[in-house]
Amino acid sequence: MTRSISQAPRQIAIVGCGPKGLYALDSLCEAARKTPSHSYDVHIFEESPHPGAGPIYDPGQPDVLLMNFPASKIDAWTGGRRPDLLQWLMGQGNKVAADEYVPRAVVGRYLTWCFNQVVADAPPNIHIAMHEGRVCEVRQLQEGWMLSPGRIVVDELLICTGHQDWCRTRRTECSQSIPSPFPVDQALTRARVPPGASVACKGFALTFLDAMLALTEGRGGSFTRSEQGYTYYPSSGEPRLIAPFSRTGRPMRAKVDTDRFVPPQGSVFWEVRLDEFDALLTDKHGTTFFGDIWPLMLQMAERTLDSVPGTAVAVFADWQESVFDRERCRYELRAGCEIAFGTRPPDILWALGETWRRCYPRLVRWISHQELPETDAARFSAVAAEMERLAFGPPAQNIGKLICLERTGLVSLDHLKGDLSADVTVDTTIPPAGSAALSQPLNGLLRHGHLSVGALGGITVNDRAQALVNDAVTPGLSIIGRATEGSVLGNDTLSRTLHDLPERWAANVVRADRASPETSLEQTA
């Protein structure tokens with residue numbers, strides 16, 4: 001009888017252990033559980049003290065910072081192996097409605113618990129070593145990759161560093177400039193943003209709303225809600241003025257309040273539309289986004305409201321080509337909020353956002369791991385930037401609070417072009433996935449030719465998360481998460497159903513280990 005005996009454990013590093021790193025570690029544990037004759041030393045590098053949650057879902061952040069998708073969609077496990085967020089909260093004695101937008105800190109506590117469960121239940125052939133701190137440098141060696149500090153050498157390196165906006169450093173010559181609002185309890189303190197100061201915020205999307213709420217409700221102010229909207233009660237700790245500015249001035253549309261919003265079409269309508277969409281995507285190599293997919297999505301939006309053909313094209317073109325002033329911005333905020341709360345009928349911009357949301361998982365599968373032609377990629381990027389505003393906005397309550405603060409004068413839309421001379425300027429933009437925004441160790445790997453950037457701006461990987469350069473795999477190097485946005489569409493989600501890259505990466509690591517003659521000895525009994 002022959003049996004395979006594992007030699008030295010295979011050395012693996014996961015750099016960055018927020019949600020994506022957690023999912024990868026969990027997937028590796030599940031894959032290793034099925035191959036007990038092989039062993040693995042897994043080095044986890046995470047500078048946040050909350051592995052699993054990371055900085056974005058820091059359990060210590062204020063509860064005014066909410067998720068922008070409902071609690072029912074948050075589940076860190078595959079196959080129902082452990083409780084999703086709702087079940088976990090119920091086990092803690094906290095019942096939460098399925099459509100509720102819970103604080104990010106609550107989700108952070110859940111993700112930290114999930115990480116601890118993965119570590120506690122790791123199979124005997126996995127040994128996990130934790131390293132708190134940032135990996136500053138990665139060097140390729142003949143036998144693998146060396147990570148510094150620590151000079152740890154591994155066979156397989158997976159990087160899941162995610163959003164890197166907190167890696168930005170403040171320019172020393174600009175003491176009133178804050179490069180990122182995160183973490184808010186450190187970046188937006190009263191010392192750095194004094195009560196009564198004027199604050200300009202570069203960016204007008206989700207991160208701006210986080211900064212706005214941290215500087216108002218997070219400083220002891222409070223909101224009450226009535227049928228007429230929100231009322232704000234200040235605490236005296238707020239800035240005197242908060243003024244967002246952006247290149248376009250275009251705001252995000254609120255997500256609908258499911259208790260109040262009545263959709264114009266039911267499930268049968270969308271089943272038919274999505275079947276049509278699937279039929280178009282079947283011919284993956286002959287289909288283009290701008291020539292085939294986008295026109296069909298425009299038609300779907302029009303059918304949703306029984307609109308005159310051509311309405312969606314005209315409305316979207318006007319939206320996309322306009323730079324909003326205060327009045328246009330104020331109108332769009334109110335229109336979106338009223339639609340979300342069911343006091344105004346849905347409009348074509350809502351229908352476009354709903355169509356994008358419904359089609360998005362299919363679009364993710366179609367576009368990921370293929371390089372669009374340059375012109376089609378540019379057109380997709382332009383459309384996707386606007387659909388991010390229309391489809392994936394904040395909870396309606398956050399837009400309602402923005403409208404309230406603008407009405408009271410605490411938030412001003414008079415400086416959307418950035419012409420305010422403020423006491424403090426906060427950068428509330430999120431860096432794009434491309435090379436200019438990468439920090440260590442990704443920028444060093446890119447500089448030394450171990451990574452490449454695709455037409456849509458993200459690091460190029462295959463469907464097993466392996467880094468590609470000129471379509472060739474960089475041995476032992478894989479990337480999962482926001483840095484790959486473009487090569488992989490839709491990384492900014494906690495969903496484990498939209499992508500299966502963690503599972504594919506783990507299966508590939510284990511499969512490579514089984515296939516390697518260096519990792520096993522054949523003994524005959």
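Mentor: Let's start with T112, which lies in helix α3. A helix here is a DSSP run of H or I with at least four residues, a strand is a DSSP run of E with at least two, and the numbering goes from the N terminus. Keep in mind that this is a predicted model: local features need pLDDT of at least 70, side-chain atom pairs count only at pLDDT 80 or more, and totals for chains, interfaces and linings use all residues. Residues are numbered from 1 along each chain as its sequence is written, and side-chain values use heavy atoms, with hydrogens and water left out.

Trainee: What makes T112 buried or exposed?

Mentor: Look at its relative accessible area, which is 17%. Buried means under 20%, exposed over 50% and partly exposed in between, using a 1.4 Å probe and protein chains only. At 17%, T112 is therefore buried.

Trainee: Which residues is T112 in contact with, leaving aside its neighbours within four places in sequence?

Mentor: Those are H50, P51, A53 and P59. Contact means heavy atoms within 4.5 Å.

Trainee: Why is α3 called largely enclosed by the rest of the structure?

Mentor: Count the buried ones: 12 of the 17 residues of α3 are, so the helix is largely enclosed. Among them are R104, Y110, F115 and V118. The cover over these buried residues includes α1 (19-33), α2 (85-91), β4 (126-131) and α5 (206-215).

Trainee: How do you know what span to expect for α3?

Mentor: Take 1.5 Å times one less than the number of residues. Helix α3 (residues 104-120) has 17 residues, and that gives 24 Å. From first C-alpha to last, α3 reaches 24 Å, close to the expected span.

Trainee: Which residues of α8 and α11 meet?

Mentor: From α8 come F316, W319 and Q320, and they meet A382, V383, E386, M387, R389 and L390 in α11. By class, the contact has six nonpolar, one polar and two charged residues. Ala, Val, Leu, Ile, Met, Phe, Trp, Tyr, Cys and Pro count as nonpolar, Asp, Glu, Lys and Arg as charged, and the others, Gly among them, as polar.

Trainee: Now the strands. How do you know that β9 and β14 pair?

Mentor: Strands pair if DSSP finds at least two bridges between them. Two bridges join β9 (residues 177-178) to β14 (residues 424-427), so the pair qualifies. These strands run parallel, and S177 stands opposite T425 in β14. Strand β10 (residues 198-202) also pairs with β14 in the parallel sense, over four bridges. There, A200 stands opposite T425, and K202 has D427 as its bridge partner.

Trainee: What makes β9 and β13 the edge strands of their sheet?

Mentor: The open sheet has the order β9-β14-β10-β13, with parallel pairing. Each of β9 and β13 (241-245) pairs on one side only.

Trainee: And in the open sheet of three strands, what is the order?

Mentor: That one goes β5-β6-β7, with antiparallel pairing. The twist averages 25° from one strand to the next. Strands β5 and β6 (residues 144-148) share five bridges, with Q140 opposite W145, and a hairpin of two residues joins β5 to β6. Strands β6 and β7 share three bridges, with V154 as the partner of W145.

Trainee: Why is β6 called largely enclosed?

Mentor: Five of the five residues of β6 are buried, so the strand is largely enclosed by the rest of the structure.

Conventions:
Axes are lines fitted to C-alpha atoms, for helices over the stretch in contact, and angles run from 0 to 180 degrees between N-to-C directions.
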